[in-house]
Amino acid sequence: MQKRKKNFYDSNSDQPFNVSRSKIDFFLECPQCFYLDRKLGISRPDMAKFSLNLAVDQLLKNEFDEFRDQKKPHSLMILYNINAIPFWHEDLHIWRDDINKKVGASVLHKKTNLNICGIIDDIWQNTKTDELHIVDYKSTSTNGEVSLDGEYKEGYKRQMAMYQWIFKQMGFNVSNIGYFVYANGIKGDGKIFNDKLEFKTSIIPYLADYSWVEPTIFDIKKCLDSEKAPESGQDCKYCNYRKSINDEFLKNQISLIK
């Protein structure tokens, strides 16, 4: 197995180490896989990118940017009685990481020297309180009502909380209420595709709790500084697969850094 030559943690370095929102979620899912990835440079197999979802995200950004330029609320905001307009800031393109798609908004957690970062989709500003609402675009295709219920959507909620925490640390007045803009692809009952896919877009508010974020950052730091890999996450399919092949794999990898 080939190891990465860069972008992994060195306990002896005094340089801040980037830990993205997705890597924090990775740690919560399986500390051992996180350790292998960030400490030893051994990543999980890449997952396919959902190009259609990315296209929908970009179209939504383009649409809300039009209202951002006009300093006016989007029609969806009016429909859902949200007193806000798309927020303008000179660093918005950095926070959305429109070019590199690697870092986004970031803040140094000085107690651990970890640079916590995440790429946002959008920010709205409340016209009554001036608070900022973190906004995340999602796309799906379901016959039922779109909701935040479901096991994998717990990751969406953690994502929202992480972004709120980051912007709080950056000094912004951030509301605990965030919004998910959901584009639901309508399957329809027509027999002809006709090169057209229609969506029904809705907004779901979510009251986030980010009290778990900083304790998790300390746990990550402890994990990265350890010479012993942590236990696997509960029901981690990657660890179960690896162990079923060779139980000596982890021991051999750990010995390489001693």
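The side chains of Glu 29 and Arg 44 come together in a salt bridge, with N and O 3.3 Å apart (a salt bridge being a side-chain nitrogen of Lys or Arg within 4 Å of a carboxyl oxygen of Asp or Glu). Glu 29 belongs to helix 1 and Arg 44 to the loop between helix 2 (31–38) and helix 3 (51–70), so this pair ties together parts that are 15 residues apart in sequence. Helices (H or I, at least four residues) and strands (E, at least two) are DSSP runs, numbered from the N terminus. Glu 29 is partly exposed, its relative accessible area being 43%; buried stands for under 20% relative accessible area, exposed for over 50%, and partly exposed for values in between (1.4 Å probe, protein chains only).

The model is a predicted one, in which local features need pLDDT of at least 70 and side-chain atom pairs count only at pLDDT 80 or more, while totals for chains, interfaces and linings use all residues. Residues are numbered from 1 along each chain as its sequence is written, and side-chain values use heavy atoms, with hydrogens and water left out.

Side chains of opposite charge can pair when their charged atoms come close. By the salt-bridge rule, the count here comes to eleven. One of these joins Asp 25 to Arg 158, with the closest N and O atoms 2.5 Å apart. Asp 25 sits in helix 1 (residues 21–29) and Arg 158 in helix 6 (residues 154–169), so the bridge ties together parts that are 133 residues apart in sequence. Asp 25 is buried, at a relative accessible area of 18%, whereas Arg 158 is partly exposed, at 29%. A network of salt bridges also links Asp 65, Arg 68, Arg 96 and Asp 122.

Asp 37 and Arg 38 meet in a salt bridge (2.8 Å, N to O), and both residues are buried.

Turning to the loops, His 74 is placed between helix 3 and helix 4 (75–79). His 74 is buried, with a relative accessible area of 3%. Apart from its neighbours within four places in sequence, His 74 is in contact with Glu 63, Phe 64 and Phe 67, contact meaning heavy atoms within 4.5 Å.

On the surface, Leu 52, Phe 193, Leu 197 and Phe 199 form a nonpolar patch with about 410 Å² of accessible area together. Patches are made of residues with over 30% relative accessible area and no salt bridge, like charges being joined within 9 Å and nonpolar side chains (Val, Leu, Ile, Met, Phe, Trp, Tyr) within 5 Å. Accessible areas come from the Shrake-Rupley method with a 1.4 Å probe, and for residues only the protein chains shown count as cover.

Of the 258 residues, 43% are buried. Among contacts between residues at least 6 apart in sequence, 70% join residues at least 24 apart. The chain exposes about 15600 Å², of which carbon and sulfur atoms supply 50%.
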